[in-house]
Amino acid sequence: MMDIAHTWTERLGDEDLEFARQFIMASGSLKEMASRYGVSYPTIRLRLDRLIQKIESVREDDDAFVSLVKGMAIDDRMDFETARQIIDAHRQLMGEKEG
C-alpha cells in the first residue's frame with residue numbers, strides 16, 4: 001500500500017502538493033482555503049475536484065507517460081477524447097514491444 005501512496009504524490013506538481021498541504025492546514029475548510037488564496041469558494045471547489053481527479057487517475061499499472069497525458073487532460077491542456085486515444089495507442093505500442 002505504501003508504494004501506491006508514494007506514486008500518486010510523486011506525480012503531483014509542486015502547486016498541487018502545496019494546495020493539498022494548505023488544505024490540510026485549513027482543516028479541510030473550503031471557506032478558509034478561498035480566503036487564503038483570495039478566490040471564491042466555487043474556484044477552490046473546482047481546484048479541489050481537479051486534484052481529486054488527478055489522484056484518482058493514478059493506477060498502479062500506469063507508467064509516467066500515461067500519467068502525464070491524464071494530468072494534461074485533467075488540467076484542460078488536452079481534451080479527454082484525445083487523451084484516451086493517445087493512451088490507447090501508447091498501451092498498444094508498449095504491448096507490442098513487451099510481447
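Predicted model: local features only at pLDDT ≥ 70, side-chain atom pairs only at ≥ 80, totals over all residues.
I took contact to mean heavy atoms within 4.5 Å.

Residues are numbered from 1 along each chain as its sequence is written, and side-chain values use heavy atoms, with hydrogens and water left out.

**Entry: overall make-up.** I listed the secondary structure, taking helices (H or I, at least four residues) and strands (E, at least two) as DSSP runs numbered from the N terminus, and the protein chain came to 6 helices and 0 strands. I then looked up burial, where buried means under 20% relative accessible area, exposed over 50% and partly exposed in between, with a 1.4 Å probe and protein chains only. Of the 99 residues in the protein chain, 26% are buried. The chain exposes about 7000 Å², of which carbon and sulfur atoms supply 56%, the areas coming from the Shrake-Rupley method with a 1.4 Å probe and, for residues, with only the protein chains shown counting as cover.

**Entry: nonpolar cores.** A nonpolar core is here a set of buried Ala, Val, Leu, Ile, Met, Phe, Trp, Tyr and Cys residues joined through side-chain atoms within 4.5 Å. I found that the largest has 9 residues, namely Leu12, Phe19, Ala26, Leu30, Met33, Ala34, Ile44, Leu48 and Leu51. Helix 3 (30-37) and helix 4 (41-57) each supply at least two residues of this core. Apart from it lies another core, of 6 residues, among them Val69, Ala73, Met78 and Ala83.

**Entry: helix 3 and its two partners.** I read axes as lines fitted to C-alpha atoms, for helices over the stretch in contact, with angles running from 0 to 180 degrees between N-to-C directions. Angles under 35 degrees count as roughly parallel, over 145 as roughly antiparallel, 65 to 115 as roughly perpendicular and the rest as oblique. The axes of helix 3 and helix 4 come within 8 Å and cross at roughly 105 degrees, which makes the two helices roughly perpendicular. Their contact is made by Leu30, Lys31, Met33, Ala34 and Tyr37 of helix 3 and by Tyr41, Ile44, Arg45, Arg47 and Leu48 of helix 4. For helix 2 (residues 14-25) and helix 3, the axes come within 9 Å and cross at roughly 125 degrees, so this pair is oblique.

**Entry: tyrosine 41.** Is tyrosine 41 buried or partly exposed? I found tyrosine 41 partly exposed, with a relative accessible area of 45%. Leaving aside neighbours within four places in sequence, tyrosine 41 is in contact with Leu30, Lys31 and Ala34, and its C-alpha atom is separated by 6.5 Å from that of leucine 30, 11 residues apart along the chain.

**Entry: positive phi.** Most residues other than glycine have a negative phi. I noted serine 27, whose phi is positive, near 55 degrees, and which sits in the loop between helix 2 and helix 3. Serine 27 is exposed, with a relative accessible area of 69%. Aspartate 76, in the loop between helix 5 and helix 6 (80-98), likewise has a positive phi, of about 65 degrees.
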